[in-house]
Amino acid sequence: MAPLYELDSVRQIYFDRVVLDIPAMQIAEGVLYALTGANGAGKSTLLRLLALLETPAEGTLRFKGEIIPTSRQGLLTLGRQVVLVEQYPVMFSSTVAKNIEFGLKIRKIPKKIRQETVERALETVNLSQYRHHPAQALSGGESQRLALARAFAIQPDVLLCDEPTANVDEHNQHIILQALKEMNRVHGITIIFTTHIHDQAMALGQRHMRLDRGRLLAA
């Protein structure tokens with residue numbers, strides 16, 4: 001089976017500064033990856049490339065065997081298969097349930113299926129009791145769980161999570177990590193999450209990648 005992602009001589013450059021330099025890298029389908037590294041190591045930049053939100057300044061990035069297009073429309077088409085959950089997700093000014101339902105409406109999913117999907121997503125992140133609550137009233141940890149539920153609801157092929165347990169209490173950390181495990185193990189979603197917690201990376205990640213000053217040390 002071909003790798004899900006293939007990076008060949010990929011470099012990303014911001015203002016004449018090389019922030020990512022990866023000679024070769026492959027990411028397999030259906031695996032849960034932990035990505036670690038110090039602040040400024042290039043973790044968020046790599047996630048944005050994998051999320052198809054950027055194209056590399058140099059080199060080749062392939063997704064499902066296809067070279068990533070440079071056109072905005074081409075990126076959008078492929079990007080629908082990949083979701084990036086930011087460290088500080090933005091919530092819509094509506095209920096928790098409607099936040100999850102939004103992406104399904106955009107995809108013109110029938111109402112009955114939308115409702116079933118929303119309930120399943122709420123259960124996955126243990127937020128069922130908050131379905132009618134204002135999303136913007138949630139705590140930081142609950143907001144991170146809602147962001148995961150929104151992503152899970154549209155069933156992406158790839159879920160990228162930037163520090164999903166940073167600044168989150170132990171209770172929310174546990175729920176988030178269990179949800180990621182379930183999304184990967186039960187639903188087969190390829191997941192890459194960044195973390196500063198070495199024990200968390202070792203315990204949750206099926207494979208471990210580490211960046212140091214933009215370079216990949218282990219894969």
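This is a short tour of selected residues in a predicted model.

**Stop 1: K43**

Select K43, which lies in helix 1, residues 43-50. Is this lysine buried or exposed? K43 is buried, yet it has no salt bridge.

What does the side chain of K43 reach instead? Show the backbone of A38: the side chain of K43 reaches its backbone oxygen at 3.2 Å. To see the surroundings, select the residues in contact with K43, leaving aside neighbours within four places in sequence. They are L35, T36, G37, A38, E163, T194, H196 and L211.

**Stop 2: two aromatic pairs**

How many aromatic pairs does a search of the whole structure find? The search finds two.

For one of them, select Y5 and F63. These rings form a tilted pair, 5.0 Å centre to centre, with 45 degrees between the planes. Colour the chain by position and the pair can be seen to link distant parts of it: Y5 is in strand 1 (residues 5-14) and F63 is in strand 4 (residues 58-63), 58 residues apart. Y5 is buried, with a relative accessible area of 0%. F63 is buried as well, at 1%.

Next, select F92 and F102. This pair is also tilted, at 4.8 Å centre to centre and 55 degrees between the planes. F92 sits in the loop between strand 6 (82-85) and helix 3 (96-106), while F102 is in helix 3, 10 residues apart from F92.

The charged end of R150 sits over the ring of F92, 5.3 Å from the ring centre.

**Stop 3: D21**

Move to D21, in strand 2, residues 17-27. D21 has a relative accessibility of 16% and therefore counts as buried, the cut-off being under 20%.

Which side chain makes a polar contact with that of D21? Select R215: a polar contact of 3.1 Å joins the two side chains. To finish, show the residues that D21 touches, not counting those up to four places away in sequence. These are V10, R11, G214 and R215.

Conventions. Residues are numbered from 1 along each chain as its sequence is written. This is a predicted model: local features need pLDDT of at least 70, side-chain atom pairs count only at pLDDT 80 or more; totals for chains, interfaces and linings use all residues. Side-chain values use heavy atoms; hydrogens and water are left out. Helices (H or I, at least four residues) and strands (E, at least two) are DSSP runs, numbered from the N terminus. Buried means under 20% relative accessible area, exposed over 50%, partly exposed in between (1.4 Å probe, protein chains only). Lys and Arg count as positive and Asp and Glu as negative; His and the chain ends are not counted. A salt bridge is a side-chain nitrogen of Lys or Arg within 4 Å of a carboxyl oxygen of Asp or Glu. A polar contact is a pair of N or O atoms within 3.5 Å; within protein, one must be able to donate a hydrogen and the other to accept it, and residues adjacent in sequence count only if both atoms are side-chain atoms. Contact means heavy atoms within 4.5 Å. Rings of Phe, Tyr and Trp (its six-membered ring) pair if their centres lie within 6.5 Å; planes under 30 degrees apart count as stacked, over 60 as edge-to-face and the rest as tilted. A charge sits over a ring if NZ of Lys or CZ of Arg is within 6 Å of the ring centre and within 35 degrees of the ring normal.
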